[in-house]
Amino acid sequence: MDLEKGLFKNTILMYGAEEYLTDWAVRSLKNLFVDPASETMDFLVMDGRESSPAEIVSSCEIFPVLSNKRVVIIKDFTALKSPRETGGNDQTGSDPLVDYIAEPNKSTVAVFTNPEIDGRNRIVKALKKHGGIYNFESLSERELRSFAEKRFREAGVKIGKRQTAMLVGSTGYLNKESDYKLYNFENDLKKLIAYANEGVVTEEAIGELIDGDDDSFIFDLIDGISGNDKSKALETLYGRMKKNSYEGVSIVLAIASQVELMYEIKEFMSRNDGFSNPYAISSHMKVHKFRVEKAMRYASSYSLEKLRLMLLEIYRAYTYTVTGIMNARTALEVFIAGI
């Protein structure tokens, strides 16, 4: 971050899906500028969903008590993602805030955060022109490996390159549709560090401790189906829906996504032109190798025709659910029973 070089703006925009990185940047600003003795006065977090431009400006114009800078965080400032800002609760709209961003209080660092922004927004345009901008998107595979290796190194725990790759692939972090983020990843790293056998992370530990994203649940459910154990599949389904009875549609979509992946992989496995190994499939599909390997094990239990049938049935379950013909639980029970 530019702060490490002593470079910063008095108005800063932080956006992107990785809340972990945004929170880290905010902590860095706080540690750099705010005196702990006057933190209650010199560090302020405002609710960006409720605060008006005038209220934000008023808070930013206050001078610090003991700190080098006063830090004001406008968290989840939803006005940033609208093409035409709403102006919050202030009838005068965003003009006061736009004017402030152009000429901010030099004794205050104002940070505006929201996962999504719209470049047509007047406030966003002002921040891009006059302030500092940081896009905290998901990490790349290389960055995620470095993140894990650093945490293990700091904890005095060893992990091999293959095990690191397995860990990254098992989490589902690199899946575009995954809700698994860095906060989840950090918690999983803590588990592995706590249970490291003689200070070494093994593949067995990764397999046992890392739940990852929806892949694990889906494969547990498919385990029951492929083993012709419908009771196991239903038990898996009921256990998941007991935790959250409102995520039925997302479960249907997750199953559909996984079966689609298995179907595509099965097609590759049936070829004789060099595209049937995990490395080639992973490279061609842009899906992590360990996820491909896991899906291959399950896809091998089915014919292409059977996987096609599963796809048709899960699509039918989705249609029943969204049209109200059946609730999600019943539609999924019908799907399991029919496979």
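How many helices and strands are there in the protein chain? There are 16 helices and 5 strands, where helices (H or I, at least four residues) and strands (E, at least two) are DSSP runs numbered from the N terminus.

Before I go on, a word on where this comes from. This is a predicted model, so local features need pLDDT of at least 70 and side-chain atom pairs count only at pLDDT 80 or more, while totals for chains, interfaces and linings use all residues. Residues are numbered from 1 along each chain as its sequence is written, and side-chain values use heavy atoms, with hydrogens and water left out.

Okay, the overall picture. The protein chain has 339 residues, and 47% of them are buried. Buried here means under 20% relative accessible area, exposed is over 50%, and partly exposed is in between, with a 1.4 Å probe and protein chains only. As for contacts, meaning heavy atoms within 4.5 Å, take the ones between residues at least 6 apart in sequence: 76% of those join residues at least 24 apart.

Now some helix packing. Let's start with α4, residues 95–102, and α5, residues 122–130: their axes are 9 Å apart and the angle is about 5°. Those axes are lines fitted to C-alpha atoms, for helices over the stretch in contact, and angles run from 0 to 180 degrees between N-to-C directions. That makes α4 roughly parallel to α5; the cut-offs are under 35 degrees for roughly parallel, over 145 for roughly antiparallel, 65 to 115 for roughly perpendicular, and oblique for the rest. On the α4 side you've got Asp95, Leu97, Val98, Ile101 and Ala102, and they meet Arg122, Ile123, Ala126, Leu127 and His130 in α5. By class, that contact has 7 nonpolar, 1 polar and 2 charged residues. For the classes, Ala, Val, Leu, Ile, Met, Phe, Trp, Tyr, Cys and Pro count as nonpolar, Asp, Glu, Lys and Arg as charged, and the others, Gly among them, as polar.

Next pair, over at α15 (residues 304–323) and α16 (residues 328–338). Their axes come within 9 Å and cross at roughly 160°, which means α15 is roughly antiparallel to α16. From α15, the contact uses Met310, Glu313, Ile314, Ala317, Tyr320 and Thr321, and from α16 it uses Ala328, Ala331, Leu332 and Phe335. The class count for this one is 8 nonpolar, 1 polar and 1 charged.

By salt bridge I mean a side-chain nitrogen of Lys or Arg within 4 Å of a carboxyl oxygen of Asp or Glu. Glu333 and Arg329 are 4 residues apart in the helix, so about one helical turn separates them.

Which residues of α14 are buried? They're Lys289, Phe290, Arg291, Val292, Ala295, Met296, Tyr298 and Ala299. That's 8 of the 11 residues in α14 (residues 289–299), so the helix is largely enclosed by the rest of the structure.

Back to salt bridges: a search of the whole structure finds 12. One of them joins Glu203 and Arg162 at 2.8 Å, N to O. Glu203 sits in α9 and Arg162 in α7 (residues 161–171), so this pair ties together parts that are 41 residues apart in sequence. Lys30 and Glu39 make another, at 2.7 Å. And Glu19, Asp23 and Lys75 are linked in a network of salt bridges.

Staying with α9 (residues 203–209), Ala205 lies in that helix and counts as buried at 16% relative accessibility. Leaving aside neighbours within four places in sequence, Ala205 is in contact with Leu192 and Ile210.

Last topic, backbone angles. Most residues other than glycine have a negative phi. Asp76, though, has a positive phi of about 55°; you'll find Asp76 in the loop between β3 (70–75) and α4, partly exposed at 26%. Glu198 also has a positive phi, near 55°, and it lies in the loop between α8 (182–194) and α9. Is Glu198 buried or exposed? Exposed, with a relative accessible area of 74%.
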